[in-house]
Amino acid sequence: MVVSNTVEVQTTNDRASEVKAFDDTKAGVKGLVDDGITEVPRMFHQPPDKFEKTSVPGETQFSIPVIDLEGVKQNPATRKEIVDKVLNASKKWGFFQVINHGVPVSILEEMKDRVCRFFQLDVEVKKQFYTRDNVKSVVHNCNFDLLTALSANWRDSIYCDMAPNPPKPEELPEPFRDIVVEYSDQIMSLGYLLFELMSEALGLNPDHLLKMDCAKGLGVLSHYYPACPQPELTLGSSKHTDGDFLTVLLQDHIGGLQVLHENQWIDIPPTPGALVVNIGDLLQASLIDFGFQKLVSKALKW
């Protein structure tokens, strides 16, 4: 037992040293790739059981919910149909995609492009935003739980706390400083609508969830997944649920998103102009008596 424990502690110490050395560079996964690595560092290796094999293409066995919001504010009959679809998707899947949601495609595309520009900046420029202080309104790092997780995900991230107390314009990274404000306003408006539809789906007043302050805050979290030399060893985002009320997800053209449905991982291929809506832990817990499902997801990004 003593020998076994000694080995275990040494392994833990080795990992802690590796993680600290990596984090101190403040260069993230992008820095590893820029340095030309050919092998994935051990700290990113995922346990074999994380690579579950029960994955099926989204278009084969299951019909992924896609809800068209066209006319939701103008036509009462259309709105009732949409409310019913939101209820069914929320109960059966815990997520759905929306189209004709009112957010201009030009804003979606520019947001993706500008965020990508940030991650492609020189590392010395990005370092000013790199931090482990999650109280800050703008946080850039590699894995928010890097220092505590058993295995790191192959990604870099930047988070901007945009509501209710947004950062000053000069505190935001220059590449997406203007567009993230406009994007946030658009997503906040969509969020209000979605909470109204969910309230109506539950037979409640349209403003019920809004009065619970479900839409009070807004955080914009952007992930960057550099090309991986050994994709069989790691994941972009490991299996997780979202610890919020609602997540509105904008995918890029590469895709890689998977959701767990009936014990099978379902691919969610990108749909141009569509946004993915996830029921988060907080909303699911608040509406547990109504049978809403929370989404379990992961991302394979290479």
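**Exercise 1.** Which residue in β11 is the bridge partner of Val248?

*Solution.* This is a predicted model, in which local features need pLDDT of at least 70, side-chain atom pairs count only at pLDDT 80 or more, and totals for chains, interfaces and linings use all residues. Residues are numbered from 1 along each chain as its sequence is written, and side-chain values use heavy atoms, with hydrogens and water left out. The partner of Val248 is Val277 in β11, strands being DSSP runs of E of at least two residues and helices runs of H or I of at least four, numbered from the N terminus. Strand β11 (residues 275-279) and β8 run antiparallel and are joined by four bridges, where DSSP must find at least two bridges for two strands to pair.

**Exercise 2.** Describe how α4 and α6 cross.

*Solution.* The axes of α4 (residues 105-119) and α6 come within 10 Å and cross at roughly 135 degrees, where axes are lines fitted to C-alpha atoms, for helices over the stretch in contact, and angles run from 0 to 180 degrees between N-to-C directions. Residues of α4 including Ile107 and Met111 meet residues of α6 including Ile179 and Tyr183.

Definitions and conventions:
Contact means heavy atoms within 4.5 Å.
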